[in-house]
Amino acid sequence: MTIATFRSARDLDASRPAAEQVFEDLRQRIITLQLEPGTAINRAALQASYGLSSTPVRDALTRLSEEGLVEIFPQSATRVSLIDIAAARQAQFLRRAVEQEALRILAAMPDRDFVPELESMVVRQRACAAAKDHDGFVELDYLFHFRLVELAGAGDLFALVRRQGGQIDRIRRLHLPVAGKMREIVREHGLIVKALQAGDAATAQAQVRDHLSRSLAYAATLKAAHPGYFRD
């Protein structure tokens, strides 16, 4: 499938680098599966839609390639990469390690005044789940996990986790519409917050470890349902 339309040039912010904005826009479309795995990217159409020269578009695609989200074939084609389960497993390993350590630090804090903020996110996610607002739900999910790491004083590490996590993020997005999945995520977030509030590091760590493992545990089922999305 060849991409026909993209954001228009009027959506670009003149105060920010164009390549960064194209990268962010395309990355979001890839992670949310608006641009499906295997989709061909027409560079000329991209340039025309954004009203840009070839350089910022090329730079954005290069960054996406470095994250494993697109494949660039010189003098041939550029395509959204297929989902790589092996790479997703490595990203899962990294994220679990970072977040478990973050929860250990948070649970040991004498003043856990961050708990109401986390509880509020859980409430808002529950509302998104009830409304079947997938985009809003995913945005809050990202914010919830980012704040866990940031509150522990390691917010910059989450940028590394994000760069490595494109494959597993697509698996999670593919898994999200499964009946009951959003409710399960909300429940597990609530249990993590409850353990933090009690200062129970072991339980909080066990909860986040299991929580971050569930979508990948369904990878084989998702691959069987969407064989064209996955790398062999």
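## A salt bridge across the chain

Arg231 is partly exposed because its relative accessible area is 32%. Buried means under 20% relative accessible area, exposed means over 50%, and partly exposed lies in between (1.4 Å probe, protein chains only). Glu71 is also partly exposed, at 27% relative accessibility. The side chains of Arg231 and Glu71 meet in a salt bridge, 3.6 Å from N to O. The pair links distant parts of the chain, 160 residues apart: Arg231 sits in the segment after helix 12 (219–225), and Glu71 in strand 2 (residues 70–73). Helices (H or I, at least four residues) and strands (E, at least two) are DSSP runs, numbered from the N terminus.

This is a predicted model: local features need pLDDT of at least 70, side-chain atom pairs count only at pLDDT 80 or more, and totals for chains, interfaces and linings use all residues. Residues are numbered from 1 along each chain as its sequence is written, and side-chain values use heavy atoms, with hydrogens and water left out.

Side chains of opposite charge can pair when their charged atoms come close. A salt bridge here is a side-chain nitrogen of Lys or Arg within 4 Å of a carboxyl oxygen of Asp or Glu. The structure holds 16 of these salt bridges. One of them joins Arg95 and Glu99, with the closest N and O atoms 2.7 Å apart. Arg95 is buried, at 9% relative accessibility. Glu99 is buried too, with a relative accessible area of 1%. Both residues lie in helix 4, 4 residues apart, which is about one turn of the helix.

Salt bridges that share partners join Arg16, Glu20 and Glu24 into one network. Within it, Glu24 pairs with Arg16, and their closest N and O atoms are 2.9 Å apart. Glu24 is partly exposed, with a relative accessible area of 34%. Arg16 counts as partly exposed at 30%.

## The largest pocket

Rolling a probe the size of a water molecule over the atoms shows where empty space is left. The search uses a 1 Å grid over the protein atoms alone, and a pocket is an open set of points where a 1.4 Å probe fits, with protein on both sides within 12 Å along at least five of seven lines. Lining residues have an atom within 4 Å of a point. Grid points are joined across faces, edges and corners, and a volume is the space filled by probe spheres set on the points. The largest pocket has a volume of about 690 Å³.

Which residues lie nearest the centre of the largest pocket? They are Ile31, Val138, Asp141, Tyr142 and Asp169, out of 30 lining residues. Helix 6 gives the most to the lining, with 8 residues. Other helices supply at least two residues each, among them helix 1 (18–31) and helix 7 (155–164). By class, the lining has 11 nonpolar, 7 polar and 12 charged residues. Ala, Val, Leu, Ile, Met, Phe, Trp, Tyr, Cys and Pro count as nonpolar, Asp, Glu, Lys and Arg as charged, and the others, Gly among them, as polar.

## Helix 9 and its surroundings

Helix 9 has 17 residues. From its first C-alpha to its last, helix 9 reaches 25 Å, close to the 24 Å expected at 1.5 Å a residue. That expected span is 1.5 Å times one less than the number of residues. Buried residues of helix 9 include Ile185, Glu188, His189 and Ile192. Their cover includes helix 4, helix 5 (115–131), helix 6, helix 8, helix 10 and helix 11. Gly199 follows helix 9, and its phi is positive, near 70°.

His211 lies in helix 10 (residues 201–211). His211 is buried, with a relative accessible area of 9%. Leaving out residues up to four places away in sequence, His211 touches Asp141, His145, Ile185, Glu188, His189 and Ile192. Contact means heavy atoms within 4.5 Å.

Is Leu33 buried or exposed? Leu33 is buried, with a relative accessible area of 14%. Leu33 has a positive phi of about 70°, although it is not a glycine. Lys132 is found in the loop between helix 5 and helix 6. Lys132 is exposed, at 66% relative accessible area. The phi of Lys132 is also positive, near 55°, in a residue other than glycine.
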